[in-house]
Amino acid sequence: MITDSALQAVSVATDKSVVVEFYDVDQAPTDDGFDPADALKLFALTVGITFAGEAYTRKIRSIGSVRRTTAEGSDSAQVTLDNLDREVSQFEFATGFEGLIMVVRLISRSLSTKLDESIYLFTGRCEKPTSGSRESVSVTAKGILHSTKAELPRRKFQKDDPDGRLPSDHDYQGFPYMPQVNAGTTVYSARLKRGGLLGLLGFKKTRTKTLVYSSFSDLDAEKYLPVALGRVQVVGTHLGYADVGTSVRMATAFMEGAIEYFDSYRTDDVRFSITGTVHKRFGYPPDLGPTPYEQIPVPTTSWIANGYYARTAMFFCEAAGTSIDQVDPAPHIIIIALGLRVPVPISGTWTTVDTWHADAKWSDNPAAHVRYLLTSPDYYNLDDNWMDDATFIESYDHNDQYFFDESFTDIIFTPDNANFTGGDTELNRFLLSTGVATPEWFEYLNDDKTAAETFLKTAFSEPYSGSIPGSVASPGDPTDPPDLPGGGSVSLGYYLRRRYTSNIVFTEQIKLVDALHDVLFVSARLYMSQNPRNGRLRLKNKKPADFGLGTAAISTTSCAIDDVSAWIGDLHGYVVLDPNTANSEARAVTAAAYSSAQNSVTLTASEDTVVGFSGCDGASTPATATVTIITPTPLTAKTVTLDGIDISFRPGAIDTEATCAGFLYAAINAHPMLKRRFVADWTPGGAVVTITGKFGTLTLDSAPALSHVAPLGNPGSGPSVSAPTATGSLDPGVYHVGYTEYTARGETIISPLSTITISGSNKRISVAAVTPSGGATGINWYCSPGPGSFKLRRYKTNDGSAHTIDLADLPLQTSQIKPDLNRTGTEVLRVEALVTDRSLARSGTQRANALIGSFRWKLGDQAKAVNRVDFKFRDSTQDFRLVELRLRDDAHIAKIKKINNVEVNGQAVDNWNQAYRLAAGMLAEYRDADFFYEWESDNEALLLEEGDVVAITDDGAEVFNLPVRIESIEYQNTDGFVKAVFRARLYTSTLYDDSVAERNIPVVIDASETTDFV
């Protein structure tokens, strides 16, 4: 929501007016937006309108709906212009509206004098007018993303250069050979099957068969030079090859450049192995590139299809294995590559540079990929001024946040033979997704060239030595590790993984807007909007609004929560206490302060240097502490204890002070409980980790009227279990049992696990009763789904009574997993506005701010009733095989007696963990949050933005303080009255926090506060 005081004044002014401006096709917004002095035409609804020193002509007959949305649908605006004096038609004939930038702006005729005193309702590019007459001309514009018909890949394997260069030009980007084969006078071209490695997106085309013979493949004319982002596997296209006796010489193209690196090249024919010197080219412009990979011809001038091949990643190589007495076609060459170098944020600045510029780097961050496609001259070619840097950097940082990955699905064992290069002497190798944080990753972050090359090479494959890679403790069997325990001592035997990565190769041409919405946005729950202050494009992730979990009961104006940092210096909006419960109520926040108790937090280390917490002033300055890592001893564990939670890790042989510090920094920020109360900082290459407290107190404008309880304590001991001699059918092995206490608000962290070994046959497990603590509703019981597994799943809910576990009682893998946070206390959720059509004490409103009678709910036409998500992704551990992950809502399927599925293109995702988190979040959004509200409002509501979370109080439906997230806004201007129509989806914080826990989002109905006139 816009919080600028000048724009707030504009929103409530009684003399608001909507104006429309048209700018040149290449005009881009500055920090202050679009300057009317630069416009080609300035139009208004009435006479006498001036803004920023410029006069507007009365030419607007009507302004149609102006629509903005977070969904895939296009933002749009439509205006009908008066043409009685022929000015508009003359402008259309002479200049033309098509392609121009349209700006729809809201101003106050008395208050708006400067550029920063107007609200941008829409910016976009004009379509060609569909009709015009002597009376009027209608002009429609679409959002920038949907108005530019860019496509990728951009180049085909054809002789002609896309920009018309001659073959003699070293920057020539055509393919004059395609392919040339030196075997006497024979010219040969193999037909390459689509799908598999090349057809990564699974696109297929039907081609017309002709009878005219050509020695070249029909596919040549339609085949595109792939575009790769992140790390990919791709098969090459031979530009030429020659059988020179016992080997075949090849010139083979792989993808658009400039890329970072490629390696792990192999053939698809066991008869051939790559031998001799390999001349790699990373796709730079001619004569450029890192030594020794400059984009130049191979030194052997007689080499088949030799040349510069600007902007094409390729190599010249030789493969042994052919008989000297026969001519063999070249085998296919397969590589793993780190794709295009792209602009990335450096010291808080993100500028557009060429892929071969020193400030461009390899990245697997979806925000970097989106930014590149939007600004690259090869694709959207938008001026860098169109980008809202702050939101792009915020998204980039959000994608790079760390998570614990307990699935261990990234390990693959591949034979180490002649077809796998790299000098590895181990018997097996494994392949990780790039999102896993290994020691090489932390070295790579230091931007050291040697360390960077180490990471880039080990991103392909590493020797498997029997322990889990990276600075983690080995849990034993990597195929079935324990889940992350809650509370107490935590030994971290898990991957650290960045939240979102994108790794994709485009081999068939696709519209760029589809590549963004259907591929890249999917990989990180991204969406785009516009900045209402200046019209720039913003990139955002779907993520939780600011919230805190109460650490004590809330009965006065003082509200203690686990994370107060978002409110320090920013008290805008309101808070809802206990959202989605019968006790929800709203308040304003008048103050926020860090708790001086931060100075007393315990921090110790087994062998590293610690400076304890200090410096919190009980106001806006938090406490900080540091841990300085001393030289690690390989395989000797280090333990850091923060706030009673142990972080134990065992350095490997290649670990340094810096990589151990990086691991500690990432582990604190990944731990589901620690990251709520603390944040860790670390400078890559350094040995010092700084830890800052986040917990504190909010001051409410008035004491709550309803009950808001403290969280239940986490169970301190596990249940008592035994194996009676009574008949049972459990398989022999080790089983683990634990429990949580739950309330209407949520569950505690799971108890310490009780372990029991079943030996022999005809056994079952007896679980003794536990007594729920005061305030608990009941007990949720969890156990292993099978012998030897720590992947606990819920198998029973009761009042704590004793019971037995037999084979039929064991949970399925799809059953509810254990919670990662104690959510039994009060949640405190920041909302941007309290929406109501009347004054109500419970909603904290003194007047209505929604138009009377405009509330509509459920809105079944807003979204399909999906109950199964089919998420297709490329699994790096399975040779980048296309895998389909299916998640379903069995209860809904049973209710409606049919499956409503949605197929999701997740092929920028290369690992199961990320795919599962994304698919689970989508299913929760489609099913649990499949409830919409629509309402109309004006004045302050015009400051709301798509993506904002607000609280609905609809007294007519007896719904109070219901959190919803705005997905679309439609602005309407009728007779000078400007209003907005909002559509919003049911919201809860767990929808967007990447948890895969079961979600229950009730629409709580309570007694009306007013008379019901029905």
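Two strands count as paired if DSSP finds at least two bridges between them. Strands, in turn, are DSSP runs of E with at least two residues, while helices are runs of H or I with at least four residues, and both are numbered from the N terminus.

Colleagues, this is a predicted model, in which local features need pLDDT of at least 70, side-chain atom pairs count only at pLDDT 80 or more, and totals for chains, interfaces and linings use all residues. Residues are numbered from 1 along each chain as its sequence is written, and side-chain values use heavy atoms, with hydrogens and water left out.

I turn to an open sheet of 4 strands, with antiparallel pairing and the order β38-β39-β43-β42. Its edge strands, β38 (609-614) and β42 (678-682), each pair on one side only. On average, neighbouring strands here are turned by 15 degrees against each other, direction ignored; axes are lines fitted to C-alpha atoms, for helices over the stretch in contact, and angles run from 0 to 180 degrees between N-to-C directions.

Within this sheet, β39 (residues 624-628) and β43 (residues 688-693) run antiparallel and are joined by 5 bridges. T628 has V688 of β43 as its bridge partner. Helix α9 (residues 657-670) packs on the sheet and touches β39, β42 and β43, where contact means heavy atoms within 4.5 Å. The direction of α9 makes about 155 degrees with that of β42.

Next comes an open sheet of 3 strands, ordered β45-β48-β51 with antiparallel pairing. β45 (721-722) and β51 (803-805) stand at the edges with a single partner strand each, so one side of each has no neighbour in the sheet. Strand β48 (residues 765-767) is joined to β51 by 3 bridges, and S766 has T804 in β51 as its bridge partner.
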